[in-house]
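Have the sequence and the 3D view open, and try each task before reading its solution.

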Amino acid sequence: MTFDISRQYDRLYRYCYYHTHNRILAQDIVQEAFTRYMERYGSLNEKNAVPYLYVIARNLCIDHYRRQGTLAEKYLQSQSYEEDQGAAQTDAEDSLQSFLITKLSVQRALSRLSEEERELLLLISVNEVSAREAGMILGISRFAVYRRLRLAQKHLRTELGKEGIDGD
Amino acid sequence: MTSEAKNRELLLLFFEPDEKPNPAKKEAFLKNVMTGQITRATKITLDRMLLIQVKYIRKMAWLAALMILLAAALITKGNPDSVLQIAALTPLLAFVTEIETRRSYAYGMAELEMTTAFSLRSIRYARFMILGLFDMAVLAGISLLIRKYVAMSVLLTLAHLILPFLLTMIGALLLERTVFGRTHPYGSGVLALLIAVVTEGFLIPDSPVAIPFVMYGFGWVLELAAVFLLAAVIALFCANIKQDEEMTAIWN
Amino acid sequence: MELTTERTSKHMELKIDRVSKQYRNKIAVDRLSATLHTGVTGLLGANGAGKTTLMRMICGVLTPTSGEITYNGMPVSEERYRSVLGYLPQEFGCYPEFSGRDFLLYFAALKGMPRNEAEIRSEELLETVGLADVSKKRVRTYSGGMKQRLGIAQALLNRPQVLILDEPTAGLDPMERVRFRELIGEIGKSSIVLLSTHIVSDVEHIADHILMMKDGELLWQGEWKESDGSLEEFYLREFRE
């Protein structure tokens with residue numbers, strides 16, 4: 001397997017952006033993570049390059065929360081989805097409208113999941129990190145990852161169902 | 001669409017960042033990572049350099065040394081008296097080795113190799129070191145192999161074998177320094193043949209030019225000469241490498 | 001949080017400071033100063049104007065008789081500089097047993113790239129310069145244009161920050177020239193690119209900056225805009241004197 005640095009950069013950025021909701025900060029954290037990783041391990045062709053990068057990035061995000069309060073949480077709380085939906089409905093284009101509605105529904109459903117469930121879904125289902133690597137990043141066993149991921153997916157389906165979206 | 005892919009699509013609605021990273025900043029950064037600007041402060045190590053060059057030395061250069069080993073085995077079997085005629089073959093080995101270390105010039109790769117992380121200088125050092133040590137190991141091996149058939153010490157046998165080798169090397173390195181030598185890379189081949197013939201003349205037991213060093217106990221002179229010539233080869237080689245810059249300019 | 005990434009995105013600058021190169025009987029470059037920035041710089045001049053000598057000095061292949069060349073303050077003679085440098089000499093050869101792919105892998109190894117990374121990058125570049133289908137053929141069998149494209153790919157292996165191309169369009173056919181210009185324009189967005197040529201049209205549309213050399217001296221330098229008229233005419237006028 002080879003390391004696609006550009007792609008991993010984007011994925012790590014997605015992860016950091018989710019945690020910080022700040023473009024400049026997220027990008028700085030991604031680059032700092034790569035820099036620290038390279039200083040420590042020298043080559044991206046290490047077997048565990050991906051989990052190490054996430055761990056470093058995660059710690060940097062946590063450092064940031066400590067100072068700022070949990071931004072992801074804050075962001076979720078501050079979003080008024082009902083209002084946004086109202087705004088969306090005035091939009092002229094049908095396809096765009098239905099896209100926005102779906103987007104808002106997904107956001108509402110996910111906001112009712114726990115922080116850990118969201119993190120697992122982001123790492124594994126979106127960023128395609130392996131279960132072994134996710135375990136390393138979160139500090140739990142691979143089997144715990146499987147179990148909790150299954151639960152998270154089930155929970156997500158339920159919540160999506162409530163929003164009228166067929167999660168399968 | 002599989003349910004997994006659909007699931008991912010839905011999740012991306014939530015997780016996809018509203019703002020993309022700054023592309024110029026990303027590109028510049030990745031460039032830094034790829035080009036080793038951001039890296040553990042490691043120098044490219046000598047062993048890694050040597051490994052790369054071992055891989056890129058032509059089979060011919062290795063074969064030349066092994067051929068001499070084979071010749072030694074055959075000659076020793078057929079006619080134990082003339083074992084030292086093996087020495088007449090070593091100038092050819094020196095020629096092949098020298099040619100191999102300056103292939104960069106012969107094939108116009110010098111300028112490109114100069115601008116890599118290793119630089120042409122270290123590439124030539126590496127090739128010379130690898131092949132030189134290999135050749136000498138083979139010659140030492142031969143000296144051990146034939147010790148039963150010669151009436152002198154292993155060290156003195158080695159001196160006999162290595163003297164023509166070193167002489168050719170010095171000649172070839174001196175030629176390298178001249179414009180003629182640079183434009184006629186195989187000129188040192190003629191020199192090698194010449195030395196081979198002379199060596200042959202010296203070593204045939206009943207030849208009138210045979211010098212009875214060994215008989216009268218002056219073997220140490222040969223050994224000393226070998227050490228001296230070895231030092232000269234190394235010094236000359238280093239001097240030539242220092243000249244690389246001008247050589248490349250003239251070469252083009 | 002103390003973020004230190006700034007050190008990596010610093011401004012790029014290649015500074016040539018009163019550089020001369022003297023051979024026994026001839027001054028090839030005479031007290032030349034210029035500063036290159038991110039973007040494409042075209043180096044124009046007739047044959048024998050000293051372009052190649054200047055480029056060799058920028059690459060650290062030749063040492064100036066006097067003066068200094070630095071990249072972001074780092075002398076170009078340093079090993080660190082070579083890791084950010086890509087160079088296409090005016091003429092180059094190839095070991096006879098090498099295929100196009102071998103050629104790239106060899107230089108990738110010499111540039112210190114790990115093997116698997118080198119393989120991906122080589123494939124990618126062979127694709128970019130349109131040699132993917134002949135990558136296993138001996139370089140000896142390549143046409144002049146193909147060999148030139150291979151040389152360009154070689155120079156791009158390590159994603160250089162400083163890319164020096166000596167007469168890169170020599171031997172390229174008109175279609176290849178167009179593709180080459182697109183490629184260089186793209187690279188110029190994030191790297192310092194210096195390319196020499198004696199054909200004005202090669203640089204007229206892609207170079208952000210022009211240097212004109214004659215008899216080892218800088219005759220003119222600056223930006224050339226469409227509104228300034230024909231660069232070709234200007235060039236010819238300058239060189240007639």
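The exercises below concern a predicted model.

**Exercise 1.** Work out which secondary structure chain A contains and what share of its residues is buried.

*Solution.* Start by going along the chain: the pattern reads α-α-α-α-α-α-α-α-α. That gives nine helices and zero strands in chain A. Next, turn to burial: 36% of the 168 residues of chain A count as buried. Finally, look at contacts between residues at least 6 apart in sequence; in chain A, 59% of these join residues at least 24 apart.

**Exercise 2.** Describe helix α9 of chain A and find which of its residues are buried and which are exposed.

*Solution.* First, locate the helix: α9(A) covers residues 142-162, 21 residues in total. Its first and last C-alpha atoms are 30 Å apart, close to the 30 Å expected. Second, list the buried residues, which are A:Val145, A:Ala152, A:Leu156, A:Glu159 and A:Leu160. Viewed down the helix axis, the buried residues fall within an arc of 95°, so they line one face of α9(A). Third, check the other side, where A:Phe143, A:Arg147, A:Arg150, A:Lys154 and A:Lys162 are exposed. After the helix comes A:Gly164, with a positive phi near 80°.

**Exercise 3.** Characterise the side of chain C that touches chain B.

*Solution.* Begin with the count: 32 residues of chain C are in contact with 32 residues of chain B. On the chain C side, α2, β6 and α3 each give two or more residues, and α3(C) gives the most, with four. Sorted by type, the residues on this side are 16 nonpolar, 11 polar and five charged.

Methods:
Residues numbered from 1 in each chain as written. Chains lettered and ligands numbered in written order. Predicted model: local features only at pLDDT ≥ 70, side-chain atom pairs only at ≥ 80, totals over all residues. Buried ≥ 20, exposed ≤ 12 C-beta atoms within 10 Å, placed from the backbone. Contact = placed C-beta atoms within 7 Å. Nonpolar A, V, L, I, M, F, W, Y, C, P; charged D, E, K, R; others polar. Expected span 1.5 Å × (residues − 1). Arc of directions from axis to C-beta.
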